[in-house]
Amino acid sequence: FFFFFFFFQAEDGIRDAQESRGLGDVYKRQVIDIAKNVKPSARGEIEITSVNNEYLKRGKLKVELFGRGMAWLDTGTHRAMLDASNFIEAVQTRQGQYISCLEEIAYRRKFITKEQLLVQAKKLEKTEYGQYLKTVAKTARIK
């Protein structure tokens with residue numbers, strides 16, 4: 001599949017595109033003040049685009065275009081949330097890999113050891129997620 005993903009990084013936040021696939025943890029407290037001054041959209045919501053535009057206006061926004069394999073999924077409406085959920089389910093089922101599995105990310109980035117990963121897998125061994133963690137521990141090649 002081919003999707004575009006815009007990666008936003010506010011100057012006051014830290015972001016690693018390899019660790020997560022969303023905008024979570026990008027902004028610090030300054031974003032609250034910005035959001036308070038944003039006029040709600042036609043949907044009655046504070047749109048992240050409006051917040052990003054304010055950072056852009058202040059000269060404190062870095063934007064990078066990512067290519068294949070990356071997707072931005074809007075979840076601002078019930079329908080959009082369902083669409084995003086269906087997309088994630090389809091990708092995970094067809095590829096056999098979880099999207100943004102925090103334990104897998106931590107393991108692959110050497111933040112946790114194989115033993116620590118297996119401890120978490122053991123806690124969840126009766127779930128599909130726990131079985132996935134065991135598979136990651138068994139098959140992932142860590143350099």
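Glutamate 89 lies in helix α3 of this predicted model.

**Overall fold**

- The chain contains 6 helices and 2 strands.
- In sequence order, these elements follow the pattern β-α-α-β-α-α-α-α.
- The chain has 143 residues, of which 28% count as buried.
- Taking contacts in the chain between residues at least 6 apart in sequence, 55% join residues at least 24 apart.

- Is tyrosine 132 buried or exposed? Tyrosine 132 has a relative accessible area of 8%, so this residue counts as buried, the limit being under 20%.
- One aromatic cluster is formed by Tyr98, Tyr129 and Tyr132.
- Glutamate 104, a residue of helix α4, touches Tyr98, Tyr132 and Val136 when residues up to four places away in sequence are not counted.
- Glutamate 104 is buried, because its relative accessible area is 8% and the limit is under 20%.

**Helices α5 and α6**

- The axes of helix α5 (residues 114-123) and α6 come within 8 Å of each other and cross at roughly 160°.
- How are α5 and α6 oriented, roughly parallel or roughly antiparallel? Angles over 145 degrees count as roughly antiparallel, so this description applies to α5 and α6.
- The crossing of these two helices, α5 and α6, is left-handed.
- On the α5 side, the residues that meet α6 are Lys114, Leu117, Leu118, Gln120 and Ala121.
- On the α6 side, the residues that meet α5 are Gly130, Leu133, Lys134, Val136 and Ala137.
- By type, the residues of the contact of α5 with α6 are 6 nonpolar, 2 polar and 2 charged.

**Helix α1**

- Aspartate 33 is placed in helix α1 (residues 30-36).
- With a relative accessible area of 47%, aspartate 33 is partly exposed, because this value lies between 20% and 50%.
- Aspartate 33 and valine 51 are 18 residues apart along the chain, and their C-alpha atoms are separated by 9.9 Å.
- Alanine 35 is also in helix α1, and at 25% relative accessibility alanine 35 counts as partly exposed.
- Which residues are in contact with alanine 35, leaving aside its neighbours within four places in sequence? They are Ile46 and Val51.
- From C-alpha to C-alpha, alanine 35 and isoleucine 48 are 8.6 Å apart in space, and they are 13 residues apart in sequence.

**Loop residues with positive phi**

- Most residues other than glycine have a negative phi.
- Serine 100 is not a glycine, yet has a positive phi of about 60°.
- Serine 100 lies in the loop between α3 and α4, and at 31% relative accessibility serine 100 counts as partly exposed.
- Lysine 110, another residue other than glycine, has a positive phi near 65°.
- Where does lysine 110 lie? Lysine 110 is in the loop between α4 and α5.
- Lysine 110 counts as exposed, because its relative accessibility is 52% and the limit for exposed is over 50%.

Definitions and conventions:
Residues numbered from 1 in each chain as written. Predicted model: local features only at pLDDT ≥ 70, side-chain atom pairs only at ≥ 80, totals over all residues. Heavy atoms only, no water. Buried < 20%, exposed > 50% of the residue type's maximum accessible area, 1.4 Å probe, protein only. Phe/Tyr/Trp six-rings, centres within 6.5 Å; stacked < 30°, edge-to-face > 60°. Axes fitted to C-alpha atoms, helices over the stretch in contact; angles between N-to-C directions. Helix = DSSP H or I, 4+ residues; strand = E, 2+ residues; numbered from the N terminus. Parallel < 35°, antiparallel > 145°, perpendicular 65-115°, else oblique. Left-handed = near helix turned anticlockwise from the far one by under 90°. Contact = heavy atoms within 4.5 Å. Nonpolar A, V, L, I, M, F, W, Y, C, P; charged D, E, K, R; others polar.
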